[in-house]
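This report describes selected local features of a single structure. The sequence and the structure are shown first, and the description follows by topic.

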Amino acid sequence: MNRAERAQMAMMLEVCAYPKPGNVDRCHDYSDTRLEHFLASTILARPVFDAAEKIGGQVGSLIREAVLATNGHSGGNTHFGAFILLIPLVLGGDIDGARRVVAATDVEDAVDFYAAFGLTSVRMAENDDLDVNNPASVAAIRERGMTLADVMAYSAPRDMVAAEWTNGFALTRRCADLLHAHGCGRGSVAAAFLDLLATEPDTFIAKKHGEPVAERTMHSAAEVLDGRRDLAAFDAECVSAGINPGSIADITIAGIYVALGEGWQWDC
């Protein structure tokens, strides 16, 4: 399995795994985004992954191309955060290579990334002065000479996907280790997802519902692991309230990519 195939497989395996409390999976959809939208994005992103593996290129431009390639359906953004993690991994091959890709980013990568961000409906913190909808943000990036790594460092305190760029893909590494520990097969994906949710406040939840809700969701997931809360009931509560741990889903995708490259088996 080559890098592009692993990236596709990671996207597919994450969305098909269940139960993943609050997120789209094979058991339930959201009113505006369905399982088919996620699977369509998995297919549509392939040419960009192929280009990253076979030709290389600038990470910011490739993220923008991945967003453009997957914007053709009505399900909205499905994998923007995943592309932020997968593109450096496909370019670099593994976590060590992705770290080198991150370190080599430049201002044009940052500008292309903001162009990609502007094509999505991804939530931003209300007090973020580098607003993707404000043309002055790009001017500020150029004036400050901010590379894409700098932009991620700026966002890292409020965004756990961006923080992966600054911490050496630490949660991606942890997710891959959890997949190995839980063993082969689709159940491992849901188990690793729940492990992460039980220990990390999801920043997508925090942006959408506030930090207290993200903290409560984390504690509820821990209660599921401790046997004090029913998993199916917790899942239903999250879905009903629109509480979807999207950032942990993105990190899970990256973790699956890494684990697949290390021999983890998905179909046993």
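## The largest cavity

The largest cavity is lined by V67, T70, N71, G76, N77, T78, H79, F80 and F83. A cavity is a set of points, on a 1 Å grid over the protein atoms alone, where a 1.4 Å probe fits but cannot get out, and lining residues have an atom within 4 Å of a point. The volume of the largest cavity is about 30 Å³, a volume being the space filled by probe spheres set on the points, with grid points joined across faces, edges and corners. The structure has one cavity of 30 Å³ or more. The lining comprises three nonpolar residues, six polar and no charged; Ala, Val, Leu, Ile, Met, Phe, Trp, Tyr, Cys and Pro count as nonpolar, Asp, Glu, Lys and Arg as charged, and the others, Gly among them, as polar.

## Basis of the model

The model is predicted: local features need pLDDT of at least 70 and side-chain atom pairs count only at pLDDT 80 or more, whereas totals for chains, interfaces and linings use all residues. Residues are numbered from 1 along each chain as its sequence is written, and side-chain values use heavy atoms, with hydrogens and water left out.

Helix α5 covers residues 80–92; helices are DSSP runs (H or I, at least four residues), numbered from the N terminus. Its 13 residues should span 18 Å at 1.5 Å a residue, and the distance of 19 Å between its end C-alpha atoms agrees with this. The expected span is 1.5 Å times one less than the number of residues. At L86, α5 bends by about 25°, and the proline P88 follows within four residues; the bend is the angle between axes fitted to the seven residues ending there and the seven starting there. Because 13 of the 13 residues of α5 are buried, the helix is largely enclosed by the rest of the structure. Buried means under 20% relative accessible area, exposed over 50%, and partly exposed in between (1.4 Å probe, protein chains only). After α5 comes G93, with a positive phi near 95°.

S74 lies in the loop between α4 (59–69) and α5. With a relative accessible area of 65%, S74 is exposed. Apart from neighbours within four places in sequence, S74 is in contact with D32 and H37, contact meaning heavy atoms within 4.5 Å. S74 and T33 are 41 residues apart in sequence, and their C-alpha atoms are 7.8 Å apart.

H37 is one of the buried residues of α2, together with L35, F38, S41 and T42. The elements covering these buried residues include α1 and α3 (46–54).

In helix α12 (residues 187–197), nine of the eleven residues are buried, so this helix is largely enclosed by the rest of the structure. Among the buried residues are F193, L194 and D195. The buried residues of α12 pack against α1, α11, α14 (211–225), α15 (231–241) and α16.

S247 belongs to helix α16 (residues 246–261) and counts as buried, at 6% relative accessibility. Residues up to four places away in sequence aside, S247 touches M160, V161, D202, T203 and F204.

## Backbone features in loops

Y18 and P19 are joined by a cis peptide bond, with omega about -10°. P19 is in the loop between α1 (3–16) and α2 (35–44).

F169, a residue other than glycine, has a positive phi near 65°. F169 sits in the loop between α10 (160–166) and α11 (170–182), and at 0% relative accessibility F169 counts as buried.

Terms used:
Helix = DSSP H or I, 4+ residues; strand = E, 2+ residues; numbered from the N terminus. 1 Å grid on protein atoms, 1.4 Å probe; cavity = no way out; pocket = protein on both sides within 12 Å on 5 of 7 lines; lining within 4 Å.
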